[in-house]
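Visitor: I am new to this structure and would like to learn how to read it. Where do we start?

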Amino acid sequence: MTVHTTGRQISRGGVTVVSVATTSAADRRRPTIRDVAAAAGVSRGTVSRVMNGGHWVSPDARRAVERAIRETGYRVNRHARSLVTGRANSLAFLLTEPQQRLFADPNFAILLRGAAEALDARGMTLVLLVAGNDKERANATSYVTAGHVDGVLLISTHENEPLIGSLLAEGVPTVACGIPLGYADRVASVSVDEIGGARAMVQHLKACGRRRIGMITGPLDTPGGRYRLEGYRQELGDAFDERLVAHGDYSAASGSAAMAELLERAPDLDAVFAASDLMASGALVTLRKAGRAVPDDVAVAGFDDSGLAETLDPPLTTMHQPFDRISAEMVSLLLEEIGGAPHRSVTLPAQLVVRAST
């Protein structure tokens with residue numbers, strides 16, 4: 001892993017971690033091809049042709065584009081010229097969450113390891129970038145568009161995540177983990193069947209004789225938060241009760257707080273489905289403090305099966321996400337797109353794993 005920090009490298013194995021130097025306010029909004037085209041009064045296609053040799057461009061248009069490049073301070077994007085300049089032979093694993101989430105949520109580590117293994121088999125390098133705030137987003141965008149990587153594996157995308165728009169504007173090949181809300185038709189993705197998985201879990205809880213089934217959702221601006229709630233709602237049908245829904249942020253602490261909220265609001269609930277195993281672990285803590293036995297009094301179920309579930313007490317029933325396949329598919333789709341293929345998306349099934357918590 002090779003770790004890039006500002007001014008030095010530390011060798012550790014198959015992943016490259018980059019901590020990008022801070023930028024000035026002027027650098028945070030780098031001019032794009034769109035800016036050059038607007039300044040020159042031509043199309044983006046004309047700008048691209050000028051930067052790739054000037055073929056089929058009139059002398060006047062070429063001069064206008066060259067003048068606009070100087071005036072805007074635009075720097076040529078190596079992705080737009082990869083056929084001419086060659087490739088970096090590396091991809092970015094870009095996490096759009098606060099840095100502590102990388103270590104607190106086991107899902108990210110599994111996805112990172114899988115992507116590193118998939119690239120190692122191809123003789124390529126994986127670069128880790130974390131962009132959880134505006135400064136980190138600007139730095140990550142600057143690093144990616146400087147040509148250090150050939151494309152981006154985008155992890156944990158929230159709706160209205162500004163990085164997606166920046167990557168699209170710069171023409172950076174990108175594949176998202178999970179359906180990128182608001183960009184599903186423009187960005188390739190690899191996801192699990194969130195709705196189908198949630199429905200399968202509720203079906204299981206009902207088959208266990210549970211009738212008052214609560215849910216702890218993830219953030220509703222993420223695909224896991226939105227679509228797992230939708231599956232829960234669909235499967236309950238007319239029995240859906242808004243009072244049995246509480247919201248978390250995928251962390252154990254939020255699961256604990258949401259479970260306390262549900263117990264206060266609906267003390268007769270006999271099952272809870274958490275949209276992540278971490279939140280389910282927090283729910284177990286709250287139930288234990290409240291004197292509720294699991295599963296005798298309340299059944300508890302999660303979603304992920306990243307390794308945490310089987311270590312809990314009792315071991316957690318959950319929906320298994322095939323993280324190894326997700327990583328491999330993301331790498332394959334991204335390399336296809338870098339090679340010139342149109343972007344496409346893949347949906348994988350989630351599998352019910354029954355353990356002692358239900």
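Guide: We start with a sorting rule for residues: Ala, Val, Leu, Ile, Met, Phe, Trp, Tyr, Cys and Pro count as nonpolar, Asp, Glu, Lys and Arg as charged, and the others, Gly among them, as polar. Keep in mind that this is a predicted model.

Visitor: How do the residues lining the largest cavity divide under that rule?

Guide: The lining of the largest cavity has ten nonpolar, ten polar and six charged residues.

Visitor: How is empty space found in the first place?

Guide: Rolling a probe the size of a water molecule over the atoms shows where empty space is left. In this model the count comes to two cavities of 30 Å³ or more.

Visitor: How much space lies in the largest cavity, and which residues lie nearest its centre?

Guide: The largest cavity holds about 370 Å³ of space. Its lining has 26 residues, and those nearest the centre are Asn 107, Phe 108, Arg 228, Tyr 250 and Gln 321. Two or more lining residues come from each of helix 6 (106-120), strand 8 (188-192), helix 10 (223-236) and helix 13 (323-338).

Visitor: Which domains give at least three residues each to the lining of the largest cavity?

Guide: Domain 2 (90-192 + 325-347) and domain 3 (194-320) each give at least three.

Visitor: What lines the second largest cavity?

Guide: The second largest cavity has about 30 Å³ of space. Phe 93, Leu 111, Ala 115, Leu 153, Ile 155, Ser 327 and Met 330 form its lining. Helix 6, strand 6 (152-155) and helix 13 each give two or more of these residues. By kind, the lining of the second largest cavity has six nonpolar residues, one polar and no charged.

Visitor: Tyr 250 was named among the residues nearest the centre of the largest cavity. Is Tyr 250 buried or exposed?

Guide: To decide, compare the relative accessible area with a cut-off: buried means under 20%. Tyr 250 has 13% relative accessibility, so this residue counts as buried. Tyr 250 sits in the loop between strand 10 (245-247) and helix 11 (252-265). Its backbone also deserves a look: phi is near 80°, a positive value in a residue other than glycine.

Visitor: Where does Asn 89 lie, and what is its phi?

Guide: Asn 89 is not a glycine, yet its phi is positive, about 65°. The loop between helix 4 (82-85) and strand 4 (90-95) holds Asn 89. Its relative accessibility is 39%, and therefore Asn 89 counts as partly exposed.

Visitor: Which peptide bonds are cis?

Guide: To read a peptide bond, look at omega. Among the cis bonds is the one joining Val 294 and Pro 295, with omega about 10°. Pro 295 belongs to the loop between helix 12 (277-289) and strand 12 (299-304). Another cis bond runs from Asp 313 to Pro 314, with omega near -5°. Pro 314 is in the loop between strand 12 and strand 13 (317-320).

Visitor: Which side chain makes a polar contact with the side chain of Asp 305?

Guide: The side chain of Arg 355 does, at 3.0 Å. Asp 305 lies in the loop between strand 12 and strand 13. With a relative accessible area of 13%, Asp 305 is buried. Leaving aside neighbours within four places in sequence, the residues in contact with Asp 305 are Asp 277, Thr 318, Met 319, His 320, Val 353 and Arg 355.

Notes:
Residues numbered from 1 in each chain as written. Predicted model: local features only at pLDDT ≥ 70, side-chain atom pairs only at ≥ 80, totals over all residues. Heavy atoms only, no water. Helix = DSSP H or I, 4+ residues; strand = E, 2+ residues; numbered from the N terminus. Buried < 20%, exposed > 50% of the residue type's maximum accessible area, 1.4 Å probe, protein only. 1 Å grid on protein atoms, 1.4 Å probe; cavity = no way out; pocket = protein on both sides within 12 Å on 5 of 7 lines; lining within 4 Å. Points joined across faces, edges and corners; volume = space filled by probe spheres on them. Domains from an automatic or database assignment. Polar contact = N/O pair within 3.5 Å; in protein donor to acceptor, adjacent residues only side chain to side chain. Contact = heavy atoms within 4.5 Å.
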